[in-house]
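Here is a walk through one protein model, written for someone who would rather look at the fold than at tables of angles. Keep the viewer open while you read.

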Amino acid sequence: MTTMIKSRLVRNLRAAALVAVTAVAGAGSAWADGSVNTGYFGGVAIMGYDTVAYFTDGKAVKGSEEFTYDWLGTPWHFASKKHREMFMSEPVKYAPQYGGYCAGEVVGGGVTINVDPEAFKIIDGKLYLIYDVGNANDFAAHAVENIPKADTNWPKVAANLKLDHYP
């Protein structure tokens, strides 16, 4: 076998394994693969916004480096010690779906790295980030159709992210 064929085979086997593990281990969870969107710059989840504040304050609140917690190999910033502790005790409850990637793009099987932390919706107790407010409203208005599509697409999108292949 040539090196190129071996490389493709290994990559395809890794992707298939990731999809299988994601489907089995995380049924119903959009966090099964551990991907975290840190955007183009900064290396911080949700561009440094406090993920707990979406639930407690109902709005996007910038976090502080003073209240940082490392989860899934990524720093998360919080506005207060209390928010950090809440996240530490139940990170999956507060973390955005689809690794913080644009939920609207995951519906279509693609990914946008840039989300607007102000463009969010909480639907059935889960946080969804979108790339702009208008599309966040549209995503929520069609949540009954959008969320099952995104849940179905997420394992493939996550596998593509692991392979650095963005559809």
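Aspartate 70 stands opposite proline 75 of strand β2. Strands count as paired here if DSSP finds at least two bridges between them. The helices (H or I, at least four residues) and strands (E, at least two) are DSSP runs too, numbered from the N terminus.

A word on ground rules: this is a predicted model, where local features need pLDDT of at least 70 and side-chain atom pairs count only at pLDDT 80 or more, while totals for chains, interfaces and linings use all residues. Residues are numbered from 1 along each chain as its sequence is written, and side-chain values use heavy atoms, with hydrogens and water left out.

**The overall picture.** You're looking at 7 helices and 4 strands. Reading from the N terminus, the order is α-α-β-β-α-α-α-β-β-α-α. Of the 167 residues, 43% are buried, meaning under 20% relative accessible area, with exposed set at over 50% and partly exposed in between (1.4 Å probe, protein chains only). The protein exposes about 8,700 Å², and 55% of that comes from carbon and sulfur atoms; areas like this come from the Shrake-Rupley method with a 1.4 Å probe, and for residues only the protein chains shown count as cover.

**The hairpins.** Back to β1 and β2: their hairpin has 2 residues between the strands, and leucine 72 there has a positive phi near 55°. β2 is mostly covered, with 4 of its 5 residues buried. The other hairpin is made by β3 and β4, again with 2 residues between the strands. Strand β3 (residues 120–123) and strand β4 (residues 126–129) run antiparallel and share 4 bridges. Look for lysine 121, whose bridge partner in β4 is tyrosine 128. In the turn, aspartate 124 has a positive phi of about 50°.

**Positive phi in the loops.** Most residues other than glycine have a negative phi. Isoleucine 46, in the loop between α1 (3–25) and α2 (51–56), has a positive phi of about 50°. Tyrosine 98 sits in the loop between α4 (91–94) and α5 (103–107), and its phi is near 60°.

Are these residues buried or exposed? Both count as buried, and so do two other residues worth a click:

| Residue | Relative accessible area |
|---|---|
| Isoleucine 46 | 5% |
| Histidine 77 | 11% |
| Tyrosine 94 | 6% |
| Tyrosine 98 | 0% |

Histidine 77 lies in strand β2 (residues 74–78). Leaving out residues up to four places away in sequence, histidine 77 touches Val44, Gly48, Tyr49, Asp50, Gly63, Ser64, Glu65, Phe67 and Thr68. Its C-alpha is 8.1 Å from that of threonine 51, which is 26 residues away along the chain.

Tyrosine 94 is part of helix α4. Neighbours within four places aside, tyrosine 94 is in contact with Thr51, Val52, Phe55, Met86, Phe87 and Leu127. For Leu127, 33 residues along the chain, the C-alpha separation from tyrosine 94 is 7.1 Å.

**The cavity.** How many cavities of 30 Å³ or more does a search of the whole structure find? The count is 1, and the largest cavity holds about 50 Å³ of space. On a 1 Å grid over the protein atoms alone, a cavity is a set of points where a 1.4 Å probe fits but cannot get out, and lining residues have an atom within 4 Å of a point. Points are joined across faces, edges and corners, and the volume is the space filled by probe spheres set on them.

Isoleucine 46 turns up again in the lining, which also includes Asn37, Met47, Ile113 and Leu129. By class, that lining has 6 nonpolar, 4 polar and no charged residues. Here Ala, Val, Leu, Ile, Met, Phe, Trp, Tyr, Cys and Pro count as nonpolar, Asp, Glu, Lys and Arg as charged, and the others, Gly among them, as polar.

Conventions:
1 Å grid on protein atoms, 1.4 Å probe; cavity = no way out; pocket = protein on both sides within 12 Å on 5 of 7 lines; lining within 4 Å. Contact = heavy atoms within 4.5 Å.
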